[in-house]
Amino acid sequence: MMFPSLPRLISGLIHSDIGVAAGYGGWLIFTFGLVQFFFAPLLGNLGDRFGRRPVLLLSLFPLGIDGLAAAFAPSIGWLFAGKIIGGTIAGSFSLASAYVADITASENRSKAFGFLNASAGIGFIVGPVVGGLLAKYGLHIPFMVAAFLSVINIVYTFFFVPESLGSGKRRNFTWMRSNPAGAFLHLRKMPAVAGLIVAIGLLQIAGDTLESVWTYFTIEKFSWKEETIGYSLGCLGLMFALVQGLLCPILLPRIGDKKSVYTGLAIQCVTFILIAFVCKGWMIFALTVPFALSSIYGPAMQGIVSNRVSDTEQGELQGSLSALNNVTSIIGPPVLTSIFAVFTGAGCWFYFPGMPFVLAAFLVLIAGILVQKV
């Protein structure tokens, strides 16, 4: 809901153009990722010790605070404060991944992770479209509604989400395994993750183009308003939901996890290049189909990694992978938005808004080469 309105909100607060606003947007994501980097492993380990449900409830509160900070922001500093608060314990997706691993047999986890990703896709269908429509009544309205939905989510989780981790599968909590350094040391001990760690990181940086550049790119390239941006993200979310919810459960068992990874990476590399060179707005909508199709590599890779650890370590694994994602969020968005600003700013030597997507394609290509060696 917040994506379509964020570029113009930042632009208004700093009184500058979209290129400069993109730079601030990248640093906002950097701030969130940096804070979450230190707290994601902690949440995963707390979930392994006390159960998923109480920690999941705790992690939902900062999301609402982040929305309210943006809704009533009198200056850009408020947005950064919201991201700092939101990043402290906003690790709900890693906890949800551990929850799925708890209740799913090992041979079905890739399929289950596909359904989990499909639920995120549904959020991308409804959220951006509603956010874009609400922006017509004021840029701050989508942020207020997002904060209200966080409250609804807390109430729903409290009354309808049971605990998934039995007391017999819980383990003692230690600070050594809960800090980011301990998380990465644990990843190194798992052969599958050790071999894929660089590839996963590169793919996550490439994927950051969606969150950090997409809205700024479409405003700069096609002068889209919030409503059209919302429709484009909604269309992308619909395609993701169809692929993750319908195609992945059929395709993954038939071709296997490794072939799914190779196929998805090849499609994504080509799609990034095509997005970089689009010349008409309708092409963006057309390219959401192959972009979503490429996402088949995600649950397949999650399944490969998840099946390499025991049931008692799923929370720690997902928290560690979330920490890895946060490291890439520290690196990726500032780099991608800075590249966008350089190639769109006043006096740029070569105007090319699609340059971040070219970089993303290159990173996917390198990741594909690394995956083949595993």
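How many aromatic pairs does a search of the whole structure find? The search turns up 15 of them. Keep in mind as you look around that this is a predicted model.

Let's begin with Trp-224 and Phe-285. A pair of aromatic rings is described by the distance of the centres and the angle of the planes. Trp-224 sits in the loop between helix 10 (214–222) and helix 11 (226–276), while Phe-285 belongs to helix 12 (residues 281–293), so their contact ties together parts that are 61 residues apart in sequence. How well is each partner covered? Trp-224 has 9% relative accessibility and counts as buried because the cut-off for that class is under 20%. Phe-285, at 28%, counts as partly exposed.

Now move along to Phe-272 and Phe-357, another tilted pair, with 6.3 Å from centre to centre and 35 degrees between the planes. This pair links distant parts of the chain, since Phe-272 is in helix 11 and Phe-357 is in helix 15 (residues 355–372), 85 residues apart. Phe-272 is buried, at 0% relative accessibility, and Phe-357 is buried as well, at 1%.

One last stop involves a ring and a charge: Arg-53 lies over the face of Phe-158, 5.3 Å from the ring centre.

Key. Residues numbered from 1 in each chain as written. Predicted model: local features only at pLDDT ≥ 70, side-chain atom pairs only at ≥ 80, totals over all residues. Heavy atoms only, no water. Phe/Tyr/Trp six-rings, centres within 6.5 Å; stacked < 30°, edge-to-face > 60°. Helix = DSSP H or I, 4+ residues; strand = E, 2+ residues; numbered from the N terminus. Buried < 20%, exposed > 50% of the residue type's maximum accessible area, 1.4 Å probe, protein only. Lys NZ or Arg CZ within 6 Å of the ring centre and 35° of its normal.
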